[in-house]
Amino acid sequence: MGDDDMEPNPEFEVIVETTGLDFDQVESLKKGFDGFDKEGGGTINQTSMQMILKSMGVKIEKDDMETYAGDVDEEASGKFTLKMFCQVAARFMIEDDEEQMKEELKEAFRIYDKEGQGFITTDILKEILREIDTTLTEDDLDNIIEEVDEDGSGTLDFDEFQEMMMG
């Protein structure tokens with residue numbers, strides 16, 4: 001094995017930049033794509049796209065698939081290149097990641113909202129931030145609190161907490 005094996009596929013770099021997927025995700029999608037591109041023509045159809053994504057455990061709504069596929073298939077050819085496939089896949093995969101992140105944040109929020117009041121105090125938020133990043137100074141923490149607690153109430157509801165954590 002030479003160093004050539006480690007060279008990223010230049011097409012992958014473009015796909016990563018334009019879709020927000022990472023190299024491993026693109027590599028997995030390419031393997032699925034190649035498996036369905038039997039003739040080696042460089043394209044697959046919409047049904048194949050759905051089958052590949054489902055086999056990877058990605059949840060797919062048929063209406064969304066129609067919409068996303070239509071967005072990238074400007075010529076309405078019904079044929080999708082790897083790049084087009086990755087653009088469609090990214091819409092589903094990144095949405096799944098965001099949903100999972102929201103669920104995890106809800107769980108974290110519930111843990112810190114011990115009394116179930118629907119908010120956490122800024123003191124508790126400081127504890128959370130210290131756990132996440134031990135290099136934060138007291139000034140850093142105060143500045144973060146000032147930004148997220150816009151109304152100065154000393155509390156954050158879940159939406160404020162989620163916005164802070166997801167950016």
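Lys 126 and Glu 138 form a side-chain salt bridge, with N and O 3.3 Å apart; a salt bridge is a side-chain nitrogen of Lys or Arg within 4 Å of a carboxyl oxygen of Asp or Glu. This pair links distant parts of the chain, with Lys 126 in helix α6 (residues 122–132) and Glu 138 in helix α7 (residues 138–148), twelve residues apart. The model is predicted: local features need pLDDT of at least 70, side-chain atom pairs count only at pLDDT 80 or more, and totals for chains, interfaces and linings use all residues. Residues are numbered from 1 along each chain as its sequence is written, and side-chain values use heavy atoms, leaving out hydrogens and water.

**Salt bridges**

- The count by this rule is eight salt bridges.
- Lys 126 is buried at 14% relative accessibility (buried is under 20% relative accessible area, exposed over 50%, partly exposed in between; 1.4 Å probe, protein chains only).
- Glu 138 also has a salt bridge with Arg 130 (3.1 Å, N to O).
- Salt bridges with shared partners join Lys 126, Arg 130, Glu 138 and Asp 142 into one network.
- Asp 34 pairs with Lys 30 in a salt bridge, the closest N and O atoms being 3.0 Å apart.

- Asp 113 is buried yet has no salt bridge; Arg 110, the nearest side chain of opposite charge, is 8.6 Å away (Lys and Arg count as positive, Asp and Glu as negative; His and the chain ends are not counted).
- Ala 76 has a positive phi of about 50 degrees although it is not a glycine, and is exposed at 66% relative accessible area.

Key: Helix = DSSP H or I, 4+ residues; strand = E, 2+ residues; numbered from the N terminus.
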